[in-house]
Amino acid sequence: MSAYPETKLTRALRGGEFPVIVSLARHDLDLAKAAVGAGAFALKVHLNAYHRATGTTFGSFAEERPFYEKLATLGMPLLVMAGQEQVPSAEEMDVLADLGFEGFNIYFSDMQPHLLQSKLRPMPALGEKSTDEDLKKILEIPGAMMEASVAAFADYGKPLNETDLARYRDITTRAGIPVIAPSQKRFTAADMPKLKAAGIAAPLLGVIVTGTTPESMEAAVRPIVEAARA
């Protein structure tokens, strides 16, 4: 059994509450507040990463820390995408935990061993080219949850289809742990029952759905939250 604390978010993920998580397209407090106001259950931010969907580069922990400190004042469950080639040090992971971050996400292929020694619950991501062996290794990580970031980049922004749902069903059935689905496809309110039926524990709404302004965030997230709660 892992030593990670059970939190409001992990209980919601395990308990079938289908909480809506929002990934911020840029590190802007007004954008975060719009997500919270529209009903987001948790927020996700980025470190040490180039985000393909937006073309945004997110900086090091030292560069992003001032924003994280402001974000922590909102009192929301927080997750962090920890990086790609560069990841936070063990000390930086401890500071993230002290700021209230609960979990970290990273493509499994970029995982570094010291990240698994931190206080943050691991939520490794399967990618488009991940293998069954990758899935097996994720399931061997005590206390892990998982992100299914499996769409081809060429398909970003397209409507969710039955092929996507079948892949999610296959992953969730084999995983047996909470699986989060990021909106690489353009999730809509009507997709929420379909994702839930496919065994997804939570939708993760990113820029393809939310846009980049507080106004677009509010308009996109609110109906999805209402559908997720129905």
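Student: How much accessible surface does the protein have, and what share belongs to carbon and sulfur atoms?

Tutor: Accessible areas here come from the Shrake-Rupley method with a 1.4 Å probe, and for residues only the protein chains shown count as cover. For this protein the total is about 10100 Å², with 52% belonging to carbon and sulfur atoms. Keep in mind that this is a predicted model: local features need pLDDT of at least 70, side-chain atom pairs count only at pLDDT 80 or more, and totals for chains, interfaces and linings use all residues. Residues are numbered from 1 along each chain as its sequence is written, and side-chain values use heavy atoms, with hydrogens and water left out.

Student: What percentage of the residues count as buried?

Tutor: Buried means under 20% relative accessible area (1.4 Å probe, protein chains only). Here that covers 53% of the 230 residues.

Student: Which residues have the most contacts inside the largest nonpolar core?

Tutor: A nonpolar core is a set of buried Ala, Val, Leu, Ile, Met, Phe, Trp, Tyr and Cys residues joined through side-chain atoms within 4.5 Å. The largest one has 62 residues, and Val-22, Leu-24, Leu-43 and Tyr-168 have the most contacts inside it. Helix H9 (residues 214–229) gives this core its largest share, six residues; helices are DSSP runs of H or I, at least four residues, numbered from the N terminus.

Student: What is Leu-24 in contact with, leaving aside neighbours within four places in sequence?

Tutor: Contact means heavy atoms within 4.5 Å. The partners of Leu-24 include Leu-43, Phe-58, Phe-67 and Met-217. There's also a second, separate core of 13 residues, with Ile-21 and Met-123 among them.

Methods
Buried means under 20% relative accessible area, exposed over 50%, partly exposed in between (1.4 Å probe, protein chains only). Helices (H or I, at least four residues) and strands (E, at least two) are DSSP runs, numbered from the N terminus.
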